[in-house]
Amino acid sequence: MPELPEVEALKDFLTEHLTGHEIVAVLPVAISVLKTYEPPLTALQGREVTAVRRYGKFLALATDGGPQLVTHLARAGWLQWKDRLPDAPPRPGKGPLALRVALETGAGFDLTEAGTQKRLAVYVVHDPGEVPGVARLGPDPLAGDFDEARLAALLAGERRQLKGALRDQSLIAGIGNAYSDEILHAAKMSPFKLAGALTAEETTRLYEALRTTLTDAVERSRGLAAGRLKSEKKSGLRVHGRTGEPCPVCGDTIREVSFSDSSLQYCPTCQTGGKPLADRRLSRLLK
């Protein structure tokens with residue numbers, strides 16, 4: 001799933017390639033991807049893209065005097081840029097293509113989604129705040145005013161475990177399964193630790209790990225073409241998706257806890273005092 005660093009990099013890439021160009025066509029291939037009907041997709045045609053913004057994991061394309069195109073790539077969605085789009089219009093079928101946006105230059109991008117769980121979402125709205133997922137977002141962890149005191153206030157009284165709290169988009173925007181694993185590993189904290197029970201020293205450690213992990217990931221992705229962001233994300237992860245491999249910090253074996261539709265990875269030595277966590281499938285941790 002694309003998370004804050006990848007979506008931030010996509011925002012920068014699209015800002016460079018879209019701003020100042022005219023949208024000549026928006027072609028839905030999978031109708032299910034479109035979550036709004038007014039304004040229609042055709043309201044974007046003939047409009048110049050004036051800005052690209054990120055809201056958590058959402059991307060928003062603003063147009064001159066017109067509506068905005070907002071998308072959430074969900075778990076298996078992606079954006080594929082093409083310097084030259086095919087001349088023939090796309091046809092609905094069983095492939096991954098969900099929506100195509102074409103510019104006056106002949107360039108443009110495809111939104112695609114792999115797998116059978118179709119969750120990629122596209123909205124056409126006058127204001128991104130009209131999108132329910134955007135409206136409920138918590139603060140952006142890379143914003144200038146997101147300081148340690150802000151994090152402490154957000155976690156105060158939280159009865160959930162850290163892993164679940166970090167992934168809650170209404171608490172903190174943009175962090176998903178992968179980077180929550182990375183943040184907790186950097187902070188040397190168990191994913192099962194109660195979020196509201198952190199000491200002042202632990203809050204400092206978590207804040208520094210959060211900012212450093214996300215900032216470093218954004219910097220690694222900055223300037224990369226859209227097609228290279230997935231591989232860059234995977235190569236930069238130290239524990240997530242690396243079950244059975246040695247921890248890059250201490251050498252212990254990275255372990256996994258599985259759930260009904262996802263899993264987390266952690267290092268016992270670095271994070272849980274050497275004790276393996278119970279692999280409680282169907283746990284409520286990642287509901």
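**Exercise 1. Determine which element gives the most to the lining of the largest pocket, and describe that lining.**

Solution.
Step 1. Helix α7 contributes the most, with three residues. A pocket is an open set of points on a 1 Å grid over the protein atoms alone, where a 1.4 Å probe fits, with protein on both sides within 12 Å along at least five of seven lines; lining residues have an atom within 4 Å of a point. Helices are DSSP runs of H or I with at least four residues, strands are runs of E with at least two, and both are numbered from the N terminus.
Step 2. Note the basis. This is a predicted model, in which local features need pLDDT of at least 70 and side-chain atom pairs count only at pLDDT 80 or more, while totals for chains, interfaces and linings use all residues. Residues are numbered from 1 along each chain as its sequence is written, and side-chain values use heavy atoms, with hydrogens and water left out.
Step 3. The volume of the largest pocket is about 1,200 Å³. A volume is the space filled by probe spheres set on the grid points, which are joined across faces, edges and corners.
Step 4. The lining has 40 residues; Met-1, Lys-57, Arg-75, Arg-167 and Asn-177 are the closest to the pocket centre.
Step 5. Two or more lining residues come from each of β5, β8, α4 (162-167), α5 (177-187) and α7 (229-236).
Step 6. Sort by class: 17 charged, 13 nonpolar and 10 polar. Here Ala, Val, Leu, Ile, Met, Phe, Trp, Tyr, Cys and Pro are nonpolar, Asp, Glu, Lys and Arg are charged, and the others, Gly among them, are polar.

**Exercise 2. Describe the second largest pocket.**

Solution.
Step 1. Its volume is about 180 Å³.
Step 2. The lining includes Tyr-179, Glu-182, Thr-212, Asp-216 and Arg-238.
Step 3. Helices α5 and α6 each give two or more residues. Helix α6 gives the most, with six.
Step 4. The classes are five charged, three polar and three nonpolar.

**Exercise 3. Find the cavity and name its lining.**

Solution.
Step 1. A cavity is a set of grid points where the 1.4 Å probe fits but cannot get out. The count is one cavity of 30 Å³ or more.
Step 2. The largest cavity has a volume of about 30 Å³.
Step 3. Met-1, Pro-2, Val-7, Lys-57, His-72, Leu-73 and Ala-74 line it. Five are nonpolar, one is polar and one is charged.

**Exercise 4. Classify the aromatic pairs.**

Solution.
Step 1. The whole structure holds two. Rings of Phe, Tyr and Trp (its six-membered ring) pair if their centres lie within 6.5 Å; planes under 30 degrees apart are stacked, over 60 edge-to-face, and the rest tilted.
Step 2. Phe-13 and Trp-81 are edge-to-face, because their ring centres are 5.9 Å apart and their planes stand at 80 degrees. Phe-13 is in helix α1 (residues 4-18) and Trp-81 in strand β5 (residues 77-82), so the pair ties together parts 68 residues apart in sequence. Both Phe-13 and Trp-81 are buried (under 20% relative accessible area; exposed is over 50%, partly exposed in between; 1.4 Å probe, protein chains only).
Step 3. Phe-146 and Tyr-207 have ring centres 6.3 Å apart and planes at 20 degrees, so this pair is stacked. Phe-146 sits in the loop between α2 (132-135) and α3 (148-155), and Tyr-207 in helix α6 (residues 200-221), 61 residues apart.
Step 4. Phe-146 is buried at 1% relative accessible area. Tyr-207 is buried at 15%.
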